[in-house]
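Please walk through this structure with the model open beside the text, beginning at a pocket and ending in the backbone.

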Amino acid sequence: MTNIQAEDSALTTALTQVDQAAHHLKLSTGSVEMLKHCKRELTVNFPVRMDSGDVRIFTGYRVHHNTSRGPTKGGIRYSPHVSLDEVRALAMWMTWKCAVVNIPYGGAKGGVLCDPHDLSLRELEGITRRFTTEITMMISPDGDIPAPDMGTNPQVMAWIMDTYSMHKGHSVPAVVTGKPLNIGGSAGRLEATGRGVMFAVREAFRTMNWELQGASVVVQGFGNVGSVTAQTAHEMGCRVIAVSDISGGIYDAEGIDVPKLIEYNRANKSIAGFPGTIPQANGQLLSLPCDVLVPAAMENQLTRTTAPMVQARMVAEGANGPTTPDGDEILRAKNILVLPDIMCNAGGVVASYFEWVQDLQNLFWEESDVTLKLERIMIRSYHDMDDTAKRMNISLRTAALVLGIGRVADAHQTRGLYP
Ligand code: NAD
């Protein structure tokens, strides 16, 4: 990690967090250094023939952060902004996240520098199949299991599974999770992250003795995580007063009809212009007075510039790394309860774990079983985090890091240093 990082880069945030937790855990310098480094990093540059007939070179990454608790797990992101440092940070957060919810994985992440919106389906498939081939040495059902992230979806996972399977000569569904149902996906996986966010929010409301019915919710991002969070909040009786996507936001003080908005978004590929709502600039959305603000788009949204304007009672981090350390300090000073990403959005990886288990056993569960098991793990993890925070008199974020990093350091200690 020798690169010079921007002040608010995801990696700077991730490394600062390790230092904070290590201080509370009294870890040795050697342990902290190990936890701050990624175990394996692969950068690939590969050619893809575009629809125009031209060949374009794409760059992609796959990073394994830590394997002390099991095979590595983490999404693949298609974005024009992805960088090796960002992937390192995201891989690190996956390690802590899997440990916080106590599932037997280490963390990984991957990404390809591209804008999926500018690509045809055929080009997207070409990129995915060639990228999978390039990272074949990094992925396997018992070594490293990718999943969807920003800009990728079940179809992309299907192409990864198919490409890997073609190389092996037989179907290997357990090499990737977040697949479509008809090729070994799990019922309830698509909805798991957003549902998990709201299970965490509900538990926090219970703990604080706050009333969830009628609580106002603002969601930044209306992709997989944001749309399901909004839908689940709506089902739990909350008032979703504003949501946004890359094109801007919409606002309705009475509460948006989320199921209708989901249909509208499916038809129009954007939430802009949803009838009965007022347009809202993305910057303003974060500063709306509300009970729960859910950043569910991307990292570095609540910073030293934007955090002072937040007027929420609680921030529930659906995205990975949406709050910078400075932003976090400011929210804490404003007495805003922050449910940290590595606990709050862990529902996705929990359901991915269930999908992997089902694939390995060739035995599939009902959606109600998946959601019930997910709910139990989210509730248990929330209280593990909350108990740690109360016992050590620290914030929920530091508690989640202490819990996750502590479990990883423990596993490393138990296994011992090879050779
Ligand atoms: P997605 O690509 O499905 O959706 C992203 C959404 O954010 C889109 O609606 C996009 O328009 C919107 N967006 C992008 N930039 C924005 C901006 N500046 N302002 C407002 N909206 C903006 O991605 P996703 O899978 O929902 O992931 C979102 C976040 O959640 C990422 O940080 C991801 O790492 C994290 N996450 C995803 C999962 C999962 O299971 N998909 C699990 C855990 C964490």
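The lining of the second largest pocket divides into nine nonpolar, four polar and five charged residues, where Ala, Val, Leu, Ile, Met, Phe, Trp, Tyr, Cys and Pro count as nonpolar, Asp, Glu, Lys and Arg as charged, and the others, Gly among them, as polar. This is a predicted model, in which local features need pLDDT of at least 70 and side-chain atom pairs count only at pLDDT 80 or more, while totals for chains, interfaces and linings use all residues. Residues are numbered from 1 along each chain as its sequence is written, and side-chain values use heavy atoms, with hydrogens and water left out.

The pocket is lined by 18 residues, of which Ile-336, Leu-337, Val-338, Ser-395 and Leu-396 lie nearest its centre. A pocket here is an open set of points, on a 1 Å grid over the protein atoms alone, where a 1.4 Å probe fits and protein lies on both sides within 12 Å along at least five of seven lines; lining residues have an atom within 4 Å of a point. Its space is about 370 Å³, a volume filled by probe spheres set on the points, which are joined across faces, edges and corners. Two or more lining residues come from each of α6, α10 (325–333), β12 (337–339), α13 (367–392) and α14 (396–415), and α13 gives the largest share, four residues. Helices (H or I, at least four residues) and strands (E, at least two) are DSSP runs numbered from the N terminus.

Turning to the ligand, 24 residues surround it, the closest being Asp-149, Thr-193, Val-225, Ile-246 and Asn-320; a residue belongs to this group if one of its heavy atoms lies within 4 Å of the ligand. Domain 1 (39–176) and domain 2 (192–335) both give residues to this shell, so the ligand lies between them, the bounds coming from an automatic or database domain assignment.

Among the polar contacts (pairs of N or O atoms within 3.5 Å), a polar side-chain atom of Thr-193 lies 2.7 Å from an oxygen atom of the ligand, and a backbone N or O atom of Gly-223 lies 3.1 Å from a ligand oxygen atom. A side-chain N or O atom of Asn-282 is 3.2 Å from a nitrogen atom of the ligand.

Two backbone details remain. The peptide bond from Tyr-418 to Pro-419 is cis, with omega near 5 degrees, and Pro-419 lies in the segment after α14. Lys-269, in the loop between α8 (258–268) and β9 (278–280), has a positive phi near 60 degrees although it is not a glycine.

Conventions: Polar contact = N/O pair within 3.5 Å; in protein donor to acceptor, adjacent residues only side chain to side chain.
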